[in-house]
Amino acid sequence: MRFDVQVEVSLRDGISDPAGATIERSLPALGFDGVEAVRVGKSIRFQIDAPDETEARTRVEAMCERFLTNPVIEDSAVALSASEREPASP
Amino acid sequence: MTVRLAVVMFPGSNCEHDVVEALGRVGAKAEVVYHAERSLDGYDGVVIPGGFAHGDYLRPGAIARFSPAMTAVTEMAREGAPVIGICNGFQILTEAGLLPGALQKNSGLKFLCQTEAITVETTASALTNQAVKGATLKIPINHFEGNYTCEPETLARLKSDDRVVFRYGQNPNGSDDDIAGICNEARNVVGLMPHPERASDALIGSEDGLVLLRSIVAAAS
């Protein structure tokens, strides 16, 4: 089976986010008031082939732990669903 | 015997020749070694220089830590040889798990390229054994992600074990506890954001880095 995967990487709670803080400070100057708790992260999307959803999730979580995030400062959230796109022909 | 030091060059490293030149000034035979090299046999120590290894894609050091040479670097670290990470090299050593913590974006979100006064906090390390504790050194920094961050328990342990090697006089980047450099438990692996090789000749503004480079040679002897 093929799965569409989206990994959202965010800074862990308590880790300072200079980019988020800068955006938060800038918004009032543009007339957007009342915005708080801005956090900047990144989104990584890909497709993965795996026998089932459990196996796909296990593999993606291993990727997050070993490579896609730095667990010292970052967390990840994985969204995974069966891909509607046809798998590549063999 | 002349000390032989490897300076690992990744795609995107840009300080390797400066480091080789500066180490030559303190009597070492330093050579650039490509990151695809699996063996560092015959070298007495290794320096991971500054730059943007593998384009800093994903995170600084995230890809470089998987380069073939890093297995040999890890082995040298385990054997007690001096392993020094300068700037991007420091980032790579934290990603590789050879040093604790991480380097976050500078708190001011600016790329900083300027000379900083840093204090030698301990002389018990492969990078400071020839230095004087408490001495102030003027050494340039050149980074966007030099804001040292770690868990409170890690910071407490670094302090109680005397493993904070350098602190900034005026914290330029938001680093926890003004940290500019740290070492591992065995004190042979040292990472720092300032560039000692850029302070290796009065002609370029400062010779304050020479004592650190001499320390690497002493640790490798």
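Here is a short chat about a predicted model with chains A and B.

Colleague: Hi! Let's start with chain A. How many helices and strands are there in it?

Modeller: Chain A has two helices and three strands. Reading from the N terminus, the order is β-α-β-α-β.

Colleague: Nice. Why is chain A described as more spread out than a compact globule?

Modeller: Its radius of gyration is 17 Å, while the globule rule gives 12 Å for 90 residues, so chain A is more spread out than a compact globule. The C-alpha trace of chain A spans about 55 × 30 × 15 Å along its principal axes.

Colleague: And what share of chain A counts as buried?

Modeller: That would be 12% of the 90 residues.

Colleague: Can we zoom in on Ala62(B)? Where does Ala62(B) lie?

Modeller: You'll find Ala62(B) in a loop of chain B, between strand E3 (45-48) and helix H2 (68-79).

Colleague: What is Ala62(B) in contact with, apart from its neighbours within four places in sequence?

Modeller: Two residues: Phe67(A), from the other chain, and Glu95(B). Also, the C-alpha atoms of Ala62(B) and Ile92(B) are 7.0 Å apart in space, though 30 residues separate them in sequence.

Colleague: Last one: why does Ala62(B) count as partly exposed and not buried?

Modeller: Ala62(B) has 19 other C-beta atoms within 10 Å, and a buried residue needs 20 or more, so Ala62(B) counts as partly exposed.

How values were computed
Residues numbered from 1 in each chain as written. Chains lettered and ligands numbered in written order. Predicted model: local features only at pLDDT ≥ 70, side-chain atom pairs only at ≥ 80, totals over all residues. Helix = DSSP H or I, 4+ residues; strand = E, 2+ residues; numbered from the N terminus. Contact = placed C-beta atoms within 7 Å. Rg over C-alpha atoms; globule rule 2.2 N^0.38 Å.
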